[in-house]
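Please examine the sequence and the model together. The paragraphs that follow lead through selected features in turn.

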Amino acid sequence: MTSTVYLNGEWLPADQAAVSVFDRGFLFGDAVYEVIIAYNRQLFRLEQHLARLTRSLSETGIQNPFGIHEWRFLIERLIELNEGDNQSVYLQVSRGVSQPRRHNYPLNLTPTVFLSSNPLLLKSQRSSQIKACSAVTLEDIRWSRGDIKSTSLLGSVLLKKQVFESGADEGILIRDGWVAEGTASNVFLVKESKIITPKISDWILTGVTRDFIFELCFRYGLVIEERDVSLPELVDADEIWLTSTTAEIRPVTELNACPVGTGNIGPLWKKMAAYYDRHKAELFSCGS
Ligand code: PDD
């Protein structure tokens with residue numbers, strides 16, 4: 001069955017939704033987006049995603065077409081109209097349509113708003129059963145405003161191809177010798193029972209899952225440090241994790257074809273994944 005999408009005020013079968021070829025999202029990647037998860041048809045961390053969307057729109061000067069309540073209404077309706085108890089919602093706002101094509105843009109454009117949803121094929125209902133993965137380090141060739149969740153993702157697409165060709169599952173991006181983030185995730189490492197993650201900068205996205213890990217650390221009394229992390233420190237880590245909305249927390253047990261720590265899933269990851277599951281079980285009656 002075809003899914004239902006929202007496009008500029010209309011609910012449509014996905015295969016009937018179309019935008020103008022002069023849409024600036026299509027021509028320039030002049031658009032921002034969010035990916036939001038629903039467990040058991042209930043949204044996880046919606047306020048945080050909408051706060052980041054608001055920031056991305058404001059940083060790019062794209063008009064925010066809706067207030068928080070309207071956004072919530074639209075996203076909840078999208079979930080009702082689509083299949084799957086667990087869904088991954090994609091939301092994109094482009095600057096709108098302007099013709100002829102020119103880099104500079106008129107100020108009075110009407111943004112193009114697109115929402116779609118896919119059933120989320122969770123590898124497991126439980127974070128603690130997520131499988132380990134391998135990663136390679138790659139030079140971060142993306143632009144310097146990774147803090148904006150922009151659809152201009154050519155850098156990430158090319159990097160992901162390199163990851164695929166290397167035979168690894170994920171890429172960890174290094175800028176000037178410092179760890180930035182994954183190709184579509186944030187990075188955490190563990191050294192001597194301390195959890196460490198690169199501090200927020202223009203290079204990286206403030207992950208909603210990253211913030212959630214901080215909250216879990218505070219709630220359960222785990223030590224977490226936010227600071228610059230060098231490549232040698234990453235290589236020497238006892239554990240490495242990647243976090244994102246759809247992957248939750250993924251343990252990396254192999255980096256550049258060498259074992260991370262013992263080469264097995266680490267004790268702190270197991271602890272954190274169990275806390276994650278407990279929280280999901282409390283909120284959504286799932287994950288336990
Ligand atoms: N990506 N960094 C980058 C570059 C990302 O693309 C993402 C998420 C994250 C993690 O953010 P969050 O925890 O809020 O999902 C960090 C989404 C899932 C995507 O592009 O599909």
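Aspartate 228, in this predicted model, has a relative accessibility of 39% and therefore counts as partly exposed. Its salt-bridge partner is lysine 199, with 3.2 Å between the closest N and O atoms. The pair ties together parts that are 29 residues apart in sequence, because lysine 199 lies in the loop between S11 and helix H5 (208-220), whereas aspartate 228 lies in the loop between S12 and helix H6 (231-235). Lysine 199 is likewise partly exposed, at 40% relative accessibility.

S11 and strand S12 (residues 224-226) run in the parallel sense and share three bridges, with isoleucine 196 standing opposite glutamate 225 in S12. S11 (residues 194-197) is also joined by three bridges to strand S10 (residues 186-191), here in an antiparallel arrangement. Lysine 191 has lysine 194 in S11 as its bridge partner. Two residues separate S10 from S11 in this hairpin, and glutamate 192 in the turn has a positive phi of about 45°.

Further salt bridges are found elsewhere, the structure holding 26 of them. Glutamate 248 bonds in this way with lysine 280, the closest N and O atoms being 2.8 Å apart. Since glutamate 248 belongs to strand S14 (residues 248-255) and lysine 280 to helix H7 (residues 267-284), the pair ties together parts that are 32 residues apart in sequence. Both glutamate 248 and lysine 280 are buried. Arginine 24 and aspartate 30 form another salt bridge, with a closest N to O separation of 2.7 Å. Arginine 24 counts as buried because its relative accessibility is 2%, and aspartate 30 counts as buried at 12%. A network of salt bridges links Arg55, Glu59, Arg145 and Asp147.

Arginine 175 is located in strand S8 (residues 170-175). With 9% relative accessibility, arginine 175 counts as buried. A polar atom of its side chain lies 3.0 Å from the backbone oxygen of arginine 142. Beyond its neighbours within four places in sequence, arginine 175 has contacts that include Glu139, Asp140, Trp143 and Trp203.

Leucine 158 is placed in helix H4 (residues 154-166) and counts as partly exposed, at 45% relative accessibility. The C-alpha atom of valine 157 is separated by 26 Å from that of glutamine 16, 141 residues away along the chain. Glutamine 16 lies in the loop between strand S2 (10-13) and helix H1 (24-28), and its relative accessible area of 56% makes it exposed.

Key: Residues are numbered from 1 along each chain as its sequence is written. This is a predicted model: local features need pLDDT of at least 70, side-chain atom pairs count only at pLDDT 80 or more; totals for chains, interfaces and linings use all residues. Side-chain values use heavy atoms; hydrogens and water are left out. Helices (H or I, at least four residues) and strands (E, at least two) are DSSP runs, numbered from the N terminus. Buried means under 20% relative accessible area, exposed over 50%, partly exposed in between (1.4 Å probe, protein chains only). A polar contact is a pair of N or O atoms within 3.5 Å; within protein, one must be able to donate a hydrogen and the other to accept it, and residues adjacent in sequence count only if both atoms are side-chain atoms. Contact means heavy atoms within 4.5 Å. Two strands pair if DSSP finds at least two bridges between them. A salt bridge is a side-chain nitrogen of Lys or Arg within 4 Å of a carboxyl oxygen of Asp or Glu.
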